[in-house]
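This report is meant for someone meeting the structure for the first time. It takes up a few places in turn, and each can be followed in the display below.

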Amino acid sequence: MRPAAPDTIRALERAGAEARACTRCAATLPLGPRPVFQLGAGARLLITSQAPGTHAHATATPFNDASGERLRGWLGLTRAQFYDPARVAIVPIGLCYPGRLPRGGDAPPAPGCAALWHPRLLPLLTEVRLTLLVGGYAQDFVLGKGRMAERVRDYAAFLPRHFPLPHPSWRTTAWERRNPWFAAELVPALRHAVAAALDPGCGPEAGCWRCGA
Ligand code: SF4
């Protein structure tokens, strides 16, 4: 794994510390500010997701719940691999738990959070090879407004830089059953793209017929 430049490592540590101390939305967050994310200067895979849930908030660990288990299953990563900041960075659109909607379901990520922190943090993740866009909020922020299901179906068009995915919530399991191509086609392609991104030996010289990377 190629080490990031010492200046980049220091800048990322500084920016990460500032993000962890952020209290901008203190008046509106139901459980108060507690930014939950994972950074590593050498990370080759970036997961841009929605926002932490209650368990992620309580444990200060992203995707530390059933959604995370589902996502790790899709990616073919163990918990140890997923939570290794030397390989994987996780930066949601809203860094803090945003609460619930009155009629149920997660509230949207805190407005303005991604616009504030992504430009500070992401340019310092200089080793990232692949960004997973998990859920509609992440896709809309990075790619512009669009239909999530269509983007997921058309995932290959966004490679090799991005891989759009649905949010791995329990609701997605019924959608998966109605869309067998997800397990049959997308998941193997996703695992290949993730493995290639994490493998320092994978590059243009490898001449892979599947990803062209
Ligand atoms: S949601 Fe984002 S902007 Fe708001 S307090 Fe948390 S880190 Fe700061």
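Predicted model: local features only at pLDDT ≥ 70, side-chain atom pairs only at ≥ 80, totals over all residues.

F63 is found in the loop between α2 and α3, and its phi is near 55°, a positive value in a residue that is not glycine.

A60 lies in the loop between α2 (54-59) and α3, and phi of A60 is likewise near 55°, again positive in a residue other than glycine. A60 counts as partly exposed, because its relative accessibility of 38% falls between the cut-offs of 20% and 50%. As background to these angles, most residues other than glycine have a negative phi, and most peptide bonds are trans.

## A cis peptide bond

The bond from L159 to P160 is cis, with omega near 10°. P160 itself has its place in the loop between α7 (148-153) and β4.

In soluble globular proteins, nonpolar side chains tend to be buried together. Here the largest nonpolar core has 29 residues, and those with the most contacts inside it are I47, L75 and L132. The elements that contribute two or more residues to this core are β1 (45-48), α3 (66-75), β2 (88-90), β3 (130-134), β4 (162-165) and α9 (181-198). Of these, α9 gives the most, with 10 residues.

I47 shows how such contacts reach across the sequence: leaving aside neighbours within four places, I47 is in contact with F63, L71, L75, F82, V88, A89, I90, V91, L132 and V134. Apart from this core lies another, of 23 residues, with A19, L39, A41 and C96 among them.

L198 is placed in helix α9, and it counts as buried because its relative accessibility, 14%, is under 20%. Not counting residues up to four places away in sequence, L198 touches R44, L45, L77, R87 and V88. One of these partners, R87, is 111 residues from L198 in sequence, while the two are 6.6 Å apart in space, C-alpha to C-alpha.

H162 has its place in strand β4, and at 13% relative accessibility it also counts as buried. When its neighbours within four places in sequence are left aside, H162 is in contact with L130, T131, L133, V142 and L143.

## An exposed loop residue

R103 is found in the loop between β2 and α5 (113-121). R103 is exposed, because its relative accessible area of 85% is over 50%. Between R103 and I9 there are 94 residues in sequence and 43 Å in space, C-alpha to C-alpha.

## Around the ligand

Where does the ligand sit? The ligand sits in the largest cavity, and the residues that surround it are C22, T23, R24, C25, L29, P35, L95, C96, A110, C113 and W117.

Methods
Residues numbered from 1 in each chain as written. Heavy atoms only, no water. Core = buried A, V, L, I, M, F, W, Y, C linked by side-chain atoms within 4.5 Å. Buried < 20%, exposed > 50% of the residue type's maximum accessible area, 1.4 Å probe, protein only. Helix = DSSP H or I, 4+ residues; strand = E, 2+ residues; numbered from the N terminus. Contact = heavy atoms within 4.5 Å. Near = heavy atom within 4 Å. 1 Å grid on protein atoms, 1.4 Å probe; cavity = no way out; pocket = protein on both sides within 12 Å on 5 of 7 lines; lining within 4 Å. Sits in = over half its atoms within 2 Å of the grid points.
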